[in-house]
Amino acid sequence: MDVTLTAPADAAASEVAAEAARRRTFAIIAHPDAGKTTLTEKLLLKGGAIQLAGAVRAKGNARRTRSDWMKIEQDRGISVATSVMTFERGGLVFNLLDTPGHEDFSEDTYRTLTAVDAAVMVLDAAKGIESQTRKLFEVCRLRDIPIITFVNKMDREARDPFELIDEIEKTLALDAAPVAWPVGRASEFAGTWDLLEKHFLPVDADDASAIALSGLGDPKLDQLVGPERAAALREEAELAEGACPAFDLEAFRQGTLTPVFFGSALRDFGVGHLLDGLARYAPPPGAREGDPRAVAPEEPKLTGFVFKVQANMDPNHRDRVAFVRLCSGKLVKGMRLRQVRTGKQVPVNAPLFFFAKDRQVAEEAWPGDVVGVANHGTLRIGDTLTEGEDLHFRGVPSFAPEILRHVRLEDPMLAKKLKTALDQLAEEGVVQLFRPLDGSLPVVGVVGQLQLDVLQSRLKVEYGVPAGFQDTIWSMMRWVTGEDKAALERFAQQNRRDAGEDHDGALVAFFGSDWRRKRAEEEWPMLRFHAVREQH
Ligand code: G4P
């Protein structure tokens with residue numbers, strides 16, 4: 001009797017565990033032009049998602065100018081539709097979450113990184129670590145996300161691989177373990193030597209045709225790449241093995257070591273090797289921290305959280321789509337989930353997967369997958385969804401904006417409409433919204449200038465509210481918290497002109513300079529000033 005009662009639950013749990021174990025959910029982080037789009041395209045081709053390749057390339061070209069990008073964004077075209085790309089290879093399901101690839105930062109990029117289990121860091125072999133690589137890396141580090149490095153553009157003039165590895169270690173404080181080593185450079189680039197498997201991967205062969213050798217001493221190597229390159233490889237590989245840290249799966253999974261691959265996305269070289277690395281080393285979904293408990297992916301009951309909200313993706317449906325990363329259980333059509341923040345039931349009648357052009361209705365989804373849930377504005381970034389449990393996932397952060405502007409309305413009659421629009425767009429995460437305590441004009445905060453352009457355009461196009469922006473006297477803000485409620489109250493009173501509330505009513509302070517921020521911290525030692533705040 002007992003057996004028949006428990007068997008279905010066990011079966012469900014093991015099915016969830018098996019499906020979770022074959023998911024790899026990752027993002028690509030890169031400085032613009034390092035080759036993220038090209039690599040994405042090649043990864044998708046390897047996964048058989050060929051119809052996507054043209055679309056991704058279209059994005060690569062269109063991305064060049066801000067106005068083009070905005071038009072695409074407004075049309076809810078490629079850059080949005082490719083937010084999540086799913087492909088299968090070797091029995092594994094890869095979910096590649098796109099992080100917008102333009103110069104300006106947006107908070108979407110940051111938040112997307114809270115929904116992945118690993119990241120591929122693409123470096124331009126001639127440039128190494130660039131400013132945006134470092135910023136994105138710092139966000140990954142907040143959660144110790146394991147990072148695989150792909151040194152791209154090896155077919156061109158490149159920096160010395162030892163120098164690149166040294167730069168990763170020094171600037172990111174991350175151990176770097178080469179797993180492939182380039183043979184020859186630039187126009188002489190012949191392929192890579194797999195330091196772990198001890199085989200040679202010739203540049204013009206497809207990924208399946210690695211040539212196994214008995215070792216670096218194998219005379220076949222000289223025939224394959226010529227005596228000069230073979231001699232250089234022998235010397236360098238020996239030095240690399242001696243001087244660089246060896247690959248260590250545990251250290252990688254803890255986010256303290258990155259395996260380094262070399263290749264050329266454009267020539268489709270090394271991409272399969274990288275994908276094999278992702279398959280082999282990148283972790284499947286793991287347990288996720290929550291209040292009051294952590295959730296393991298194999299738990300049969302569904303949990304997930306919203307990391308992104310997008311409005312009006314389809315002009316024919318003026319609804320919103322919340323991007324939900326599943327953390328445990330199985331999602332099936334028609335489920336009703338509990339939005340923990342409000343206690344409301346959210347029907348999931350048509351969960352969506354996102355492919356290049358069409359939304360596809362998913363039949364079922366598992367931990368590590370991302371699904372779109374259409375709603376009328378109920379779901380917010382940071383929301384946790386469960387089958388009933390009162391549980392909240394941590395870790396979808398807001399970052400203190402670096403640009404603060406007053407919103408100036410051209411037509412005062414539209415004030416109410418502006419308020420509604422700003423509220424909705426803030427909920428969607430397009431901008432952060434602050435209301436100064438002294439009742440002056442609302443302040444919007446963004447991480448990158450592009451977010452302001454998008455805000456202005458959406459206010460006009462979607463809400464019919466033409467608005468402009470006016471400089472503020474501030475250059476930074478911090479969330480203010482403290483156990484001492486009286487001190488918080490005093491701070492708010494004394495700084496009414498330089499303080500406000502965020503969209504959730506949390507106290508914030510604005511500063512004209514870093515010096516002023518430091519002074520406030522000294523003057524109010526009982527309060528804390530945060531640059532990052534978790535949602536809710
Ligand atoms: P991004 O998304 O990171 O911004 O970079 P993207 O893939 O668009 O690549 C930026 C430029 O670098 C593109 O050239 C692309 O063709 C080139 N590229 C990418 N991978 C490699 C590589 O492995 N080797 C070489 N030599 N070039 C590479 P573009 O001329 O700016 O654009 P396009 O006209 O080719 O689209």
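Start by selecting strands β5 (residues 147-152) and β11 (residues 257-262): they run parallel and are joined by three bridges. Helices and strands here are DSSP runs numbered from the N terminus (H or I, at least four residues, for helices; E, at least two, for strands). Strands count as paired if DSSP finds at least two bridges between them. What you're looking at is a predicted model, in which local features need pLDDT of at least 70 and side-chain atom pairs count only at pLDDT 80 or more, while totals for chains, interfaces and linings use all residues. Residues are numbered from 1 along each chain as its sequence is written.

Now widen the selection to the whole sheet. This is an open one of seven strands, in the order β2-β3-β1-β4-β5-β11-β6, with mixed pairing. At the edges, β2 (84-89) and β6 (175-178) each pair on one side only. From one strand to the next, the twist averages 30°.

Next, pick α2 (36-46). This helix lies across β1 (23-30), β2, β3 (92-97), β4 (118-124) and β5, running at about 155° to β1. Angles run from 0 to 180 degrees between N-to-C directions, with axes fitted as lines to C-alpha atoms (for helices, over the stretch in contact).

To see the contact, show Leu 39, Lys 42, Leu 43 and Lys 46 of α2 with Val 271, Gly 272 and Leu 275 of α12. Contact means C-beta atoms, placed from the backbone, within 7 Å.

Which residues come nearest to the ligand? Of the 18 around it, they are Gly 35, Lys 36, Thr 37, Thr 38 and Leu 266 (near means a C-beta atom, placed from the backbone, within 6 Å). Both α2 and α3 (50-62) give two or more residues to this shell, and α2 has the largest share, three residues.

Last stop: α13 (residues 415-428) and α14 (residues 449-463), packed at about 120° with axes 11 Å apart. That makes them oblique to each other. Select Lys 417, Ala 421 and Leu 425 in α13, which meet Leu 455, Arg 458, Leu 459 and Tyr 463 in α14.

Note on methods:
Angles under 35 degrees count as roughly parallel, over 145 as roughly antiparallel, 65 to 115 as roughly perpendicular and the rest as oblique. Two residues are in contact if their C-beta atoms, placed from the backbone, lie within 7 Å.
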